[in-house]
Amino acid sequence: MPTPRLETEPAVLILGAGPAGLACAMELSRKGVHSTVVERDEQIGGLAKTLTFKEGDDVFLTDIGPHRFFSKNQYLYDFIEDLLQEEWRKVPRLTRQFVDGKYFNYPVNFQQVVKNLGLWRSARIGVDYVLARLRYGLLKKPLRTFEDYVVANFGRSLAEFSMINYSEKIWGIPCADIHPDWAKQRISGLNLWSVFKNAIGLRGKKGPKSLVDEFYYPQFGTGRIYEEIGKHLRKTGTSITTGSEPVKVRHDGTKITSVDIRTPEGIVTVRPQKLVESVPLTRFLELLDPPPPPPVQQAARNLKWRAQVYLFLTLNKDKVTDDNWIYFPSKDIPFGRTSEMKNFSKDMCPPGKTSFFIEFFAFEGDAIWSMTKEQLVDLVMPYFEKWGFFTRAEVRNAYLLKRAHVYPVYDSTYKQNLGVIQQWLEQLQNLVYIGRPGRFRYTNQDHSLEMGIIASRILLEGRKYDMDTVGSENEYFEKGPIYEKRI
Ligand SMILES: Cc1cc2nc3c(=O)[nH]c(=O)nc-3n(C[C@H](O)[C@H](O)[C@H](O)COP(=O)(O)OP(=O)(O)OC[C@H]3O[C@@H](n4cnc5c(N)ncnc54)[C@H](O)[C@@H]3O)c2cc1C
């Protein structure tokens, strides 16, 4: 489809066509307001897009790391169901950790830990937990870091067994330097006592199925949600310009006045009434003209991003395992997580074949980031052959992807730096900044969709909403009901 000419005086200009930007455009269009969306990539959907790899007549689909959908917001289920109808399906969940050649369920299963680790190590876990409760509960040792948080809730032995190692792999910094916000978002409500109660059947009445058991996933990949939004937008007059990016954002100290966009045809100056920005916040600040004051620039430089490198292997094999995801917390293993798209939807692979997605955590420019596809295949294959996952002869093809702005690093000073930036941005009254990269917040797609929807309400109703309340509920990750479909 040819890229439409960029509208130069739109009511709303949206930077970034990920879940946040697209949800905002969709809600505006439903209310009759056409926006103009500018996206750097050729394909929309951001980190939640689904990629297609054709090998002769065989088609393999993959997300950039499979995206399960979970939300406590019924509006979002309805929003997606209206787009996907029967393509929106419930999937049983199996997620395990692989440690010392053994599988452990995730979240932790008490009996399995005892069986796999033996009585002595299990007793040690119990003693450490009691000591941690005394230290953090009775003696009220403050929870200043992620490490404090997980040790307080699981005891040191169990915390080190999986959470501390895995988190240090994700973030590339010691857990003692990670802000406790990460724990609040990721594992809030879980602790060793709740795991134990679960094991001995003291959980109380069984409520609705939780997302520990199942989740929703589109038949042909999570990116279908965003392709459908794109179709709706184009049909109803909202333009999406891909392969284009902002190169200058002018302001007069009270509002954004114009944005220069580099398009395949050259630079176009756009003068929007309102600007919604969902590209990396640090990049956006660099584009401002005049630049923000030095303390704000310094605060932006202090914010760090964790990158990811992905290896996608297509295989001449029917199946590797039944898992959706497998986590590898050990620091001796160079990758952090693997997944098999077929276990999300069988339509992600040709019949009789499967694929394997391998995630590495990196900093832009480091050793992993700089490796070639061939080097990465050589790095991972000895592990998979040793564990009996698949052989080199079964690998059909390998594909390499890299993304720089994946995880906003929640280090011990991130909140302070973000606060300096947010306070300064408040003066730009026609700007709303949203999404995972746009707000420098670790969110999943549901929260980015929610932020996009809230942004549309801010623009349409002129009311103030606190964007930081999205996803701040403590039970977000591993608990809560899974909604039933309406249709
Ligand atoms: C490996 C992995 C697994 C995940 N698993 C899940 C999951 O299971 N469930 C779940 O709900 N979520 C999951 N997520 C999170 C989900 O991908 C994000 O929350 C979601 O994509 C964020 O949407 P967004 O619009 O805020 O940002 P993004 O998706 O990052 O979109 C931002 C958009 O802005 C564009 N852009 C960037 N810079 C520029 C520029 N200079 N100019 C123009 N455009 C620009 C980007 O190309 C992108 O399209 C996962 C993420 C990863 C990386």
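**The shell around the ligand**

The residues of the shell around the ligand divide into 13 nonpolar, 13 polar and eight charged, where Ala, Val, Leu, Ile, Met, Phe, Trp, Tyr, Cys and Pro count as nonpolar, Asp, Glu, Lys and Arg as charged, and the others, Gly among them, as polar. This is a predicted model, in which local features need pLDDT of at least 70 and side-chain atom pairs count only at pLDDT 80 or more, while totals for chains, interfaces and linings use all residues. Residues are numbered from 1 along each chain as its sequence is written, and side-chain values use heavy atoms, with hydrogens and water left out.

Of the 34 residues around the ligand, those that come nearest are Glu39, His67, Arg68, Arg436 and Ser448; a residue counts as near if one of its heavy atoms lies within 4 Å of the molecule. Among the polar contacts, which are pairs of N or O atoms within 3.5 Å, an N or O atom in the side chain of Glu39 lies 2.6 Å from an oxygen atom of the ligand. Backbone atoms take part as well: a backbone N or O atom of Arg436 is 2.7 Å from a ligand oxygen atom, and a polar backbone atom of Ala20 is 2.9 Å from an oxygen atom of the ligand. Of the 1000 Å² of accessible area that the ligand has on its own, the protein covers 95%, with areas taken from the Shrake-Rupley method and a 1.4 Å probe.

Domain 1 (12-50 + 70-88 + 218-302 + 413-469) and domain 2 (92-96 + 304-408) each give the shell at least three residues, the bounds coming from an automatic or database domain assignment.

Technical notes. A polar contact is a pair of N or O atoms within 3.5 Å; within protein, one must be able to donate a hydrogen and the other to accept it, and residues adjacent in sequence count only if both atoms are side-chain atoms.
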